[in-house]
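Take a look at the model below. What sits inside it, and how does a helix pack against the rest?

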Amino acid sequence: MHVKINWTLLDDEVHSLWDASFCLYAYLHPRQNLPLYIGKSDYSTVSGRLRGRHKAQLFRDIRREFSIDKIRFLQGELLLEEGRRRSSALLADVESLLISCLQPYGNKSATQSRISRPGLRVICRGDWPFKHKVFYDE
């Protein structure tokens, strides 16, 4: 199964994709191509996933660890092969594959072990800032 993700930089607070759901999102270092966190938004919006005690702690940890006050935000829209259906399980598998490969600072789950989906191929495009754009689940 091939999944393309079209990543869009959310460069202002009124971008319409802050209200997107059933997608991925990423927090990036403002000056370095460093992933800080990758998450999924299946039952909430991207902006809704910014809130909560766990995210407040994550942002405090990031500020302390990297001495930064701002973070770049990306939203990732999943584009599936014709005939494929979106599901929370697929969204979680794509998220965990990216976390496993990129090892973002703020992600603790899926960094050591994860449930794989053999044959899954994820292609990141659009505003994806990393050289590594294709990820395979074997």
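## The largest core

This is a predicted model. Its largest nonpolar core has 23 residues. Ile 5, Trp 7, Val 94, Leu 98 and Val 122 touch the most other members. Two or more residues each come from strands S1 (2-9), S2 (21-28), S4 (72-80) and S5 (121-126), and from helix H2 (88-102). H2 gives the most, with seven residues.

In soluble globular proteins, nonpolar side chains tend to be buried together.

Another core lies apart from the largest one. This core has 15 residues, including Trp 18, Tyr 27, Tyr 37 and Ile 71.

## Helix H1

Helix H1 runs through residues 53-66 and has 14 residues. From its first C-alpha to its last, H1 reaches 20 Å, close to the 20 Å expected. Lys 55, Leu 58, Phe 59, Asp 61 and Ile 62 are buried in H1. Seen down the axis, these buried residues fall within an arc of 160°, so they line one face of H1. An α-helix has 3.6 residues a turn, so residues three or four places apart point the same way.

What covers the buried residues of H1? The cover includes S2 and strand S3 (35-45). The face turned away from the buried side carries the exposed residues Arg 53 and Arg 64. Ser 67 follows H1, and its phi is positive, near 55°.

How values were computed
Residues numbered from 1 in each chain as written. Predicted model: local features only at pLDDT ≥ 70, side-chain atom pairs only at ≥ 80, totals over all residues. Heavy atoms only, no water. Core = buried A, V, L, I, M, F, W, Y, C linked by side-chain atoms within 4.5 Å. Buried < 20%, exposed > 50% of the residue type's maximum accessible area, 1.4 Å probe, protein only. Helix = DSSP H or I, 4+ residues; strand = E, 2+ residues; numbered from the N terminus. Expected span 1.5 Å × (residues − 1). Arc of directions from axis to C-beta. Contact = heavy atoms within 4.5 Å.
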